[in-house]
Structures are given as structure tokens and as C-alpha cells.
Amino acid sequence: MENGDWGHRMTNPVTLNVGGHLYTTSLSTLQRYPDSMLGAMFRGDFPTTRDAQGNYFIDRDGTLFRYVLNFLRTSELTLPVDFTETDLLRKEADFYLIEPLIHCLNEPKPLYPLDIFEQVVELSSTRKLSKYSNPVAVIITQLTITTKVQALLEGICKNFTKWNKHMMDTRDFQVSFTFGPCDYHQEVTLRVHLMDYIMKQGFTIRNTRVHHMSERANENTVEHHWTFCRPARKVED
């Protein structure tokens, strides 16, 4: 393609096939950083390959290219809070030779401004299911809430006492419920109500995990764990 043709297409849409993912953008966006591989490629200084539909083909991670392209559009790196593929994205930035993106990935911004910190709630549920004495499974569950947000613990103690069939244990930064025997519906109802209460206080789920502690013919124990987070402003002493 002649250089004049490149100039003619500066504002026309360009479709890329990156690892099987299709992206459409402008030529000027792809050339935002002239010294990058994409800048050279779409300046005509670098050989190009096309797929069967005529789209420019790049054999790289198509999912991560979303973040590369958004950086080309805005010159800002915006990643999800729970993003876990920074090392892979750094390799993509190195491949495309986008120096400002490489710099951002090597010196990431803090998650929150300096006057904001993150409050955390840990919720664990240990559920023991038994069929020893009844053909219908019965459940005994212990729910433990751990957090330094004292108002949340106090609210849980106040609003969930009706669920406490066996015991409520309150310690520094922690409240535990032990209840049962009950059926599966009752156990899930309590857990859903408790998680809903926490999220109504402005917390969102950061991650979850499940651990099967033991499995036998008539009994099994499963532990669920959730981490909730919310931003809060620091209070000056």
C-alpha cells in the first residue's frame, strides 16, 4: 500500500483480528505512539498479515488486547479491581513496544487515593451435612464474620439474633453463629440474608473460595469463604 493510501485511511475504521478476537478502531488510534510496533505496522514500515476476511491479523492474546487498545485511545491504564493478569499484560505491552504502557505497568497507581483505605469483611461458613439418623440430610452450620468495622458487627448481632438456634459468640472483630439442625433451604436463606445485609452496607464481593474438608458416605463438611471490600475515607487523628 502506498503512503498516500495510508493517509487517506487515517480516519477510516480498521478491523484487527487479534488471536481470534475482532477489534475495530481508527488508524490514528493505532498510530498514537509512532515508535510502537503498531505505529510502525500501520505506517507501512512493518509487514502485515490478513485473515480470510481481510482483517489485519496479529497472533497475540486477544482478550488482553482490549486493555492495550483502550490505553491507545485514552493514554490511561484502567484495569478491573480484581485484575490478576498484570504479568501477561506486561508481556503484551513489551511485544507492542508501547513505552508509556510499559511504564504504567511497572509503576502501577495505588488502588485508591491516599486519603482512602479499604475496609474488609471476611465471611466463612462451615457446613456439616449428616444422614446418620434421618434419610433427609440435616445441616449444622457455623457462620463467622470477621471485620474491624465495629458498626457492622453490632448490626449483625442486632438483626440476626432470631437465627441463632444454638450459640452466638462475640469477640474482638468477630461474630460467630452456630445453628441447626436445619434443612438446606433454611441454611441457604440465612446465608443469603447475611450476605445481602453486608452488601447493603456498601461492600462488594472481592473473591470466594470453597474447600471440601471431609467427605464420607453419611457425612461431609464443606467450608465456603467470601471476602467483601468497600472504600472508606481516613479520619484525621
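The protein chain contains eight helices and nine strands, where helices (H or I, at least four residues) and strands (E, at least two) are DSSP runs numbered from the N terminus. The model is predicted, so local features need pLDDT of at least 70 and side-chain atom pairs count only at pLDDT 80 or more, while totals for chains, interfaces and linings use all residues. Residues are numbered from 1 along each chain as its sequence is written, and side-chain values use heavy atoms, with hydrogens and water left out.

**Exercise 1. Confidence**

Task: Determine which elements of the protein chain have the lowest and the highest mean pLDDT.

Solution. Begin with the term: pLDDT is the predictor's confidence in each residue, from 0 to 100. The average over the protein chain is 81, and 79% of the residues score at least 70. Among the elements, helix α1 (residues 3-8) has the lowest mean, 45, and strand β3 (residues 56-58) has the highest, 95. Over residues 1-10 the pLDDT is below 50. Beyond near neighbours in sequence, that stretch has 18 contacts in the model, a contact being heavy atoms within 4.5 Å.

**Exercise 2. The chain as a whole**

Task: State what share of the residues is buried and what share of the contacts joins residues 24 or more positions apart.

Solution. Buried means under 20% relative accessible area, exposed over 50%, and partly exposed in between (1.4 Å probe, protein chains only). By this rule, 38% of the 237 residues count as buried. Turning to contacts with a separation of 6 or more, residues 24 or more positions apart account for 60% of them. Finally, the accessible surface comes to about 14400 Å², and 51% of that belongs to carbon and sulfur atoms; such areas come from the Shrake-Rupley method with a 1.4 Å probe, and for residues only the protein chains shown count as cover.

**Exercise 3. The largest nonpolar core**

Task: Identify the residues that touch the most other members of the largest nonpolar core, and the element that gives the most to it.

Solution. A nonpolar core is a set of buried Ala, Val, Leu, Ile, Met, Phe, Trp, Tyr and Cys residues joined through side-chain atoms within 4.5 Å. The largest has 29 residues, of which L38, F42, F65 and Y96 touch the most other members. Several elements each supply at least two residues, including β1 (13-18), α3 (37-41), α4 (65-74) and α5 (86-96). Helix α4 gives the most, with six residues.

Next, examine α4 itself. Its buried residues are F65, Y67, V68, L69, F71 and L72. These pack against β1, β2 (21-26), α2, α3, α5 and α6.

Then take Y96. Leaving aside neighbours within four places in sequence, Y96 is in contact with V18, S36, M37, L38, I58, R60, F65 and V68. Apart from this core lies another, of 23 residues, among them L123, I145, C157 and C182.

**Exercise 4. Positive phi values**

Task: Locate S75, L97 and G19, and give the phi of each.

Solution. S75 is found in the loop between α4 and α5; its phi is near 60°, a positive value in a residue other than glycine. S75 counts as partly exposed because its relative accessibility is 34%. L97 is placed in the loop between α5 and α6, and its phi is likewise positive, near 60°. At 45% relative accessibility, L97 counts as partly exposed. G19 belongs to the hairpin of β1 and β2, which has two residues between the strands, and takes a positive phi near 60°. The two strands pair in the antiparallel sense over six bridges; pairing requires that DSSP find at least two bridges. L16 has Y23 in β2 as its bridge partner.
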